Amino acid sequence: MAATALDKSVPEILPPALDASSEPPPLFDGVTRLYTYYGCPFAQRVWITRNFKGLQDKIKLVGIDLSNRPAWYAEKVYPPNKVPALEHNGKIIGESLDLIKYLDSNFEGPSLLPDDPAKKQLAEELFAYTDTFTGTVFSAFKGDAVKEVGMCFHYMIFLDSVVIDKFD
């Protein structure tokens with residue numbers, strides 16, 4: 001039985017993360033794989049997209065231990081040596097926002113984007129802004145969090161009060 005979108009009865013069984021001592025999975029054998037690090041917010045948003053679209057049975061998770069990364073990952077899978085990466089139809093695709101769009105347009109399941117062009121444009125802008133927001137929040141842990149993150153939250157408040165309200 002195929003997993004369905006947002007079906008909480010489908011258990012998510014996380015395979016152990018592969019590390020420097022692990023052998024690589026077979027590449028380009030017809031299995032679609034999402035290479036991920038379970039704690040990475042950029043990888044998590046692709047993982048969430050996979051689950052939202054109900055693709056748990058179609059896209060296999062491959063956990064990568066970023067603190068003890070396997071050398072074969074950069075050599076054989078994704079040369080930039082980052083997660084997430086998707087192995088599909090004989091190619092590897094990376095970058096989380098590109099992967100979200102790829103999953104949305106190349107796999108069945110509910111669409112992430114609305115049909116209305118104005119709403120779709122806003123959604124794409126919000127997706128793009130999440131990179132700035134997440135990067136700023138994470139870097140703020142190393143410095144003055146209030147100063148560095150304040151503008152990101154001000155922008156989110158602006159979006160909520162001005163932009164999003166026009167679609168109600």
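Helix axes are taken here as lines fitted to C-alpha atoms over the stretch in contact, and the angle between two of them runs from 0 to 180 degrees between N-to-C directions. On this basis, in the predicted model, helix α1 (residues 41-52) packs against helix α4 (residues 117-140) at an angle of about 145°. The two axes lie 11 Å apart. From α1, the contact draws on P41, F42 and R45, while α4 contributes F127, T130, D131, T134, G135 and F138. By residue class, this contact of α1 with α4 comprises four nonpolar, three polar and two charged residues.

These helices belong to a protein chain with five helices and four strands. The order of the elements along the sequence is β-α-β-α-β-β-α-α-α. The chain has 168 residues, of which 37% are classed as buried. Among contacts in the chain with a separation of 6 or more, 63% are accounted for by residues 24 or more positions apart. The accessible surface of the chain amounts to about 9,900 Å², and carbon and sulfur atoms make up 58% of that area.

The second largest pocket has a volume of about 150 Å³. Its lining consists of C40, F42, R45, Y78, K82, V83, P84, E95, S96, L97, D98 and D131. Three residues of this lining come from α3, the largest share. Both α1 and α3 (96-106) supply at least two lining residues each. The lining divides into six nonpolar, one polar and five charged residues. F42, R45 and D131, listed in the lining of the second largest pocket, also take part in the contact between α1 and α4.

A further site of interest is R69, which is situated in the loop between β2 (59-63) and α2 (71-77). The relative accessible area of R69 is 29%. Because buried residues fall under 20% and exposed residues over 50%, R69 is classed as partly exposed. When neighbours within four places in sequence are left aside, R69 is in contact with A20, I64, N81 and K82. R69 and A17 are 52 residues apart along the chain, and their C-alpha atoms are separated by 9.5 Å.

Conventions:
Residues are numbered from 1 along each chain as its sequence is written. This is a predicted model: local features need pLDDT of at least 70, side-chain atom pairs count only at pLDDT 80 or more; totals for chains, interfaces and linings use all residues. Side-chain values use heavy atoms; hydrogens and water are left out. Contact means heavy atoms within 4.5 Å. Ala, Val, Leu, Ile, Met, Phe, Trp, Tyr, Cys and Pro count as nonpolar, Asp, Glu, Lys and Arg as charged, and the others, Gly among them, as polar. Buried means under 20% relative accessible area, exposed over 50%, partly exposed in between (1.4 Å probe, protein chains only). Accessible areas come from the Shrake-Rupley method with a 1.4 Å probe; for residues, only the protein chains shown count as cover. On a 1 Å grid over the protein atoms alone, a cavity is a set of points where a 1.4 Å probe fits but cannot get out, and a pocket is an open set with protein on both sides within 12 Å along at least five of seven lines; lining residues have an atom within 4 Å of a point. Grid points are joined across faces, edges and corners, and a volume is the space filled by probe spheres set on the points.
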